[in-house]
Amino acid sequence: MIDGNGVYSAIRLDKYDELGAASLQCDIGDYELDRRNRTDRGYIALIDRRTLERECLAHGLDYHHIDRKVFTFSSLGEWQQAKADLGIPSAVLFNAGNCAASDQQLVAEIAELVAAVAPAAVVVLSDNQEINTVLDIIGLGVRGYVPSSVSIDVCIQAISLAIAGGRFIPASSVLNIRELLGVSSSRRTIPSMKFTTRQSAIAEALRCGKANKVIASELNLCESTIKVHIRNIMKKLGATNRTEVACKIGDMVCER
């Protein structure tokens, strides 16, 4: 602590009363439990040759409560050295930066990464959103292509989707594909045969990756009510989490 004169002073734990000591013990216990839970769920391997960007991104993922431990590596080789101790990750987030997929070295690097970490899901983070670049990267077998322009929360959702078996592609790229194919851009709605009108609206919001708080605000409902609707939607779809709901809803829309 710092007193009024700017002098540091130590806190003596033996001066804590019983309540304070109990609170401290509880906080430490909760932290250890959270750490063990995240480790038990597997880990995320973050590969980025740039030290500052790598450490900042890892901190951002942890700060925004990603549900797995994040370990950082400067290259695939560095991860392979730690593989014996860590095992195969749940997912690998590879930060390609501003490199283009036309760079043959990058293509070879990602292809080698996908093969080396299988069956882990590989997600590529890149500054490049050009449609051909996205398609080339997805064609290498990665489970997600995340533009660096998205928020950290969207990045986390993309990783979760990849782990669940889905594939994340930027919305802007999907629209570009539709334009190239000459597909009508008219809005498609979720089939109503399975859902009530309210559930359809909430399901559409989940497909777009919106948080409960945002959905509640848009529909003028309480968050608790939104949670009830989401549970009912999950039951109807046979889904176990929000990410799986988004995947199945997306499939329903595409098939319509």
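How many aromatic pairs does a search of the whole structure find? Let's work through this and two more exercises together.

**Before you start**

This is a predicted model, where local features need pLDDT of at least 70, side-chain atom pairs count only at pLDDT 80 or more, and totals for chains, interfaces and linings use all residues. Residues are numbered from 1 along each chain as its sequence is written, and side-chain values use heavy atoms, with hydrogens and water left out.

**Exercise 1. Find the aromatic pair and describe it.**

Step 1: The rule is that rings of Phe, Tyr and Trp (its six-membered ring) pair if their centres lie within 6.5 Å; planes under 30 degrees apart are stacked, over 60 edge-to-face, and the rest tilted.
Step 2: The search gives 1 aromatic pair.
Step 3: Its partners are tyrosine 43 and phenylalanine 71, 5.3 Å centre to centre with 80° between the planes, so the pair is edge-to-face.
Step 4: Tyrosine 43 belongs to strand β1 (residues 43–47) and phenylalanine 71 to strand β2 (residues 69–73), so the pair ties together parts 28 residues apart in sequence. Strands here are DSSP runs of E, at least two residues, and helices runs of H or I, at least four, numbered from the N terminus.

**Exercise 2. Decide whether each partner is buried or exposed.**

Step 1: Buried means under 20% relative accessible area, exposed over 50%, and partly exposed in between (1.4 Å probe, protein chains only).
Step 2: Tyrosine 43 has 5%, so it is buried.
Step 3: Phenylalanine 71 has 29%, so it is partly exposed.
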